[in-house]
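Please look at the sequence and the model before reading on.

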Amino acid sequence: QGVSGTNNPCPSGYRLPTDAEWEAERLSWGSNNSAGAFASPLMLPVAGYRYYSNGSLIVVGSRGHYWSSTVDGTYSRNLAFFSSLADMDGSYRASGLSVRCLKE
């Protein structure tokens with residue numbers, strides 16, 4: 001629903017980063033992978049995510065996925081990273097990805 005959508009999971013006064021904000025963050029890392037994500041000032045862990053179809057937790061400890069506020073058709077954009085790569089991706093909105101909220 002975008003930056004100020006009604007389904008914003010963040011507390012009042014906070015919001016999810018946009019796709020462009022996550023991309024800028026990713027480009028600031030020393031390495032374009034999960035090590036770079038954790039070494040960044042945000043210290044993003046590889047928390048995995050909850051699978052949209054059955055609710056099971058998958059790739060915990062090996063991949064990180066963080067929602068953005070950017071909607072892309074039936075998907076929403078997210079920052080995704082693992083041991084060899086980090087990039088922006090799209091995921092079903094029913095998936096349970098991690099969030100990092102920005103103060104407005």
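Serine 95 counts as buried, since its relative accessibility is 9%; buried means under 20% relative accessible area, exposed over 50%, and partly exposed in between, with a 1.4 Å probe and protein chains only. The model is predicted: local features need pLDDT of at least 70, side-chain atom pairs count only at pLDDT 80 or more, and totals for chains, interfaces and linings use all residues. Residues are numbered from 1 along each chain as its sequence is written, and side-chain values use heavy atoms, with hydrogens and water left out.

**The loop between E6 and E7**

Serine 95 belongs to the loop between E6 and E7. Helices (H or I, at least four residues) and strands (E, at least two) are DSSP runs, numbered from the N terminus. When neighbours within four places in sequence are left aside, serine 95 is in contact with Arg50, Tyr52 and Trp67, contact meaning heavy atoms within 4.5 Å. Serine 95 and leucine 85 are 10 residues apart along the chain, and their C-alpha atoms are separated by 21 Å.

Valine 99 also has its place in the loop between E6 and strand E7 (102-103). With a relative accessible area of 35%, valine 99 is partly exposed. Residues up to four places away in sequence not being counted, valine 99 touches Pro9, Leu16, Tyr66 and Trp67. The C-alpha atoms of valine 99 and threonine 70 are separated by 13 Å, the two residues being 29 residues apart along the chain.

How do strand E4 (residues 64-72) and strand E5 (residues 75-82) pair, and over how many bridges? Their pairing is antiparallel, over 6 bridges; two strands pair if DSSP finds at least two bridges between them. Aspartate 72 has tyrosine 75, in E5, as its bridge partner. E4 and E5 form a hairpin with 2 residues between them, and glycine 73 in the turn has a positive phi of about 65 degrees.

E5 and E6 run antiparallel as well, joined by 8 bridges. Leucine 79 has methionine 88, in E6, as its bridge partner. These strands, E5 and E6, likewise form a hairpin with 2 residues between them. In a regular strand the side chains alternate between the two faces of the sheet.

**Helix H1**

Helix H1 (residues 19-27) has Asp19, Trp22, Glu25 and Arg26 as its buried residues. Seen down the axis of H1, these buried residues fall within an arc of 125 degrees, so they line one face of the helix; the arc is that of the directions from the helix axis to the C-beta atoms. Ala20 and Leu27, on the other side of H1, are exposed. The cover over the buried residues of H1 includes E4, E5 and strand E6 (85-92).

Aspartate 19 lies in helix H1 and, at 18% relative accessibility, counts as buried. Apart from its neighbours within four places in sequence, aspartate 19 is in contact with Ser68, Thr70, Arg77 and Met88.

**Salt bridges**

How many salt bridges does the structure hold? There are 3 salt bridges, each defined as a side-chain nitrogen of Lys or Arg within 4 Å of a carboxyl oxygen of Asp or Glu.

| Salt bridge | N to O distance |
|---|---|
| Arginine 15 and glutamate 21 | 2.8 Å |
| Arginine 77 and aspartate 19 | 3.1 Å |
| Glutamate 23 and arginine 26 | 2.6 Å |

The side chains of arginine 77 and aspartate 19 meet in a salt bridge. This pair links distant parts of the chain, with arginine 77 in strand E5 and aspartate 19 in helix H1, 58 residues apart.

Glutamate 23 and arginine 26 both lie in helix H1, 3 residues apart, which is about one turn of the helix. Glutamate 23 is partly exposed, with a relative accessible area of 22%, whereas arginine 26 counts as buried at 10% relative accessibility. In the salt bridge between arginine 15 and glutamate 21, arginine 15 is buried, with a relative accessible area of 15%, and glutamate 21 is partly exposed, with a relative accessible area of 31%.

**A nonpolar surface patch**

Tyr51, Tyr52, Tyr75 and Tyr92 make a nonpolar surface patch of about 350 Å². Patches are made of residues with over 30% relative accessible area and no salt bridge, like charges being joined within 9 Å and nonpolar side chains (Val, Leu, Ile, Met, Phe, Trp, Tyr) within 5 Å. Accessible areas come from the Shrake-Rupley method with a 1.4 Å probe, and for residues only the protein chains shown count as cover. Tyrosine 51 is found in the loop between strand E2 (49-50) and strand E3 (57-58).
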